[in-house]
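Hello,

Here is the structure I promised to pass on to you. Have a look at it first, and my notes follow below.

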Amino acid sequence: MPAEAQTLDTQFFGALQMPGKARLIVVRGDEAMGEGLSYLLQATEHVAGREADQIPFPSDNWLSPKHANFLYRGEKLVVRDEGSLNGVYIRVRGASPIQIGDQFMCGQQFFRVDATPKDSSGPEPDQTYFYSSPRRPSAFRVTQVLEGGMDGIVCCALEQTVEIGREDCDINFPDDVYLSPRHAKVEMMGETLKLIDENSQNGTFVRIRGERELGHGDYLFLGRNLLRVEVTA
């Protein structure tokens with residue numbers, strides 16, 4: 001053996017052999033990336049997006065070029081929305097507090113929680129009243145968000161709850177095969193709004209504000225990509 005070779009340090013074949021605290025697994029991905037692909041989160045930050053170097057999804061047009069960042073806060077893994085157009089959605093575990101303006105998804109449907117408009121049932125300047133259906137008290141309303149950002153179905157809460165599913169709910173989508181019959185509901189509990197998953201098969205996902213801590217087994221949607229978090233250390 002040459003003398004100079006005896007002093008060399010052993011090198012890794014590639015970065016994928018470096019240890020990482022967590023990894024992301026693509027459960028359902030775009031056509032270019034495929035399912036089952038995993039990303040080892042071994043650096044300090046890991047940017048995901050359509051033009052990202054670390055976690056790229058180049059053919060998903062619902063992703064922003066720099067969409068989200070997976071980073072460590074001490075020993076905790078968090079995901080941060082990098083100001084993306086379509087957001088980062090995390091699967092609800094049971095129930096999650098939400099607030100007016102929050103967005104969530106069930107099956108293939110997207111929704112926004114809105115405040116009930118203020119009562120404007122007073123008379124016109126000439127003291128004539130507008131003739132309309134009776135107005136019922138409502139704590140909030142749920143609005144379907146269509147492609148392009150337009151509003152779709154709007155449902156005002158009666159009895160403090162709006163339930164969503166494939167059948168026998170306040171908002172029904174009988175043709176959405178990814179929805180359970182009774183999938184999720186938004187409920188006012190005292191002064192707190194909660195998004196509740198009703199043991200649905202495919203889960204209910206809420207759009208994060210800013211950043212969110214992640215745990216083992218969490219599921220996220222980035223664009224059309226469903227990812228699962230596995231904490232390895």
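Helices (H or I, at least four residues) and strands (E, at least two) are taken as DSSP runs and numbered from the N terminus. By that count the chain has 20 strands and zero helices.

Before the rest, two words on the source. This is a predicted model, in which local features need pLDDT of at least 70 and side-chain atom pairs count only at pLDDT 80 or more, while totals for chains, interfaces and linings use all residues. Residues are numbered from 1 along each chain as its sequence is written, and side-chain values use heavy atoms, with hydrogens and water left out.

**Overall picture**

Of the 233 residues in the chain, 38% are buried; buried means under 20% relative accessible area, exposed over 50%, and partly exposed in between (1.4 Å probe, protein chains only). The chain exposes about 14,000 Å², with carbon and sulfur atoms supplying 50% of that area (Shrake-Rupley method, 1.4 Å probe; for residues, only the protein chains shown count as cover). Taking contacts (heavy atoms within 4.5 Å) between residues at least 6 apart in sequence, 49% join residues at least 24 apart.

**Cysteines**

With a disulfide defined as a pair of cysteine sulfur atoms within 2.5 Å, the count is zero. Cys155 is in no disulfide either, its nearest cysteine sulfur being that of Cys156 at 6.9 Å. Cys155 counts as buried too, at 14% relative accessibility.

**Salt bridges**

Side chains of opposite charge can pair when their charged atoms come close. I count a salt bridge when a side-chain nitrogen of Lys or Arg is within 4 Å of a carboxyl oxygen of Asp or Glu, and the structure holds eleven of them.

- Arg182 and Glu163 meet at 2.6 Å, N to O. They sit 19 residues apart, Arg182 in the loop between strands S14 (171-172) and S15 (184-189) and Glu163 in strand S13 (residues 161-165). Arg182 is partly exposed at 41%, whereas Glu163 is buried at 12%.
- Lys185 pairs with Glu187, with the closest N and O atoms 3.5 Å apart. Lys185 is partly exposed at 22% and Glu187 is buried at 19%.
- Arg228 pairs with Glu230 at 3.1 Å between the closest N and O atoms. Shared partners join Arg23, Arg228 and Glu230 into one network.

Best wishes
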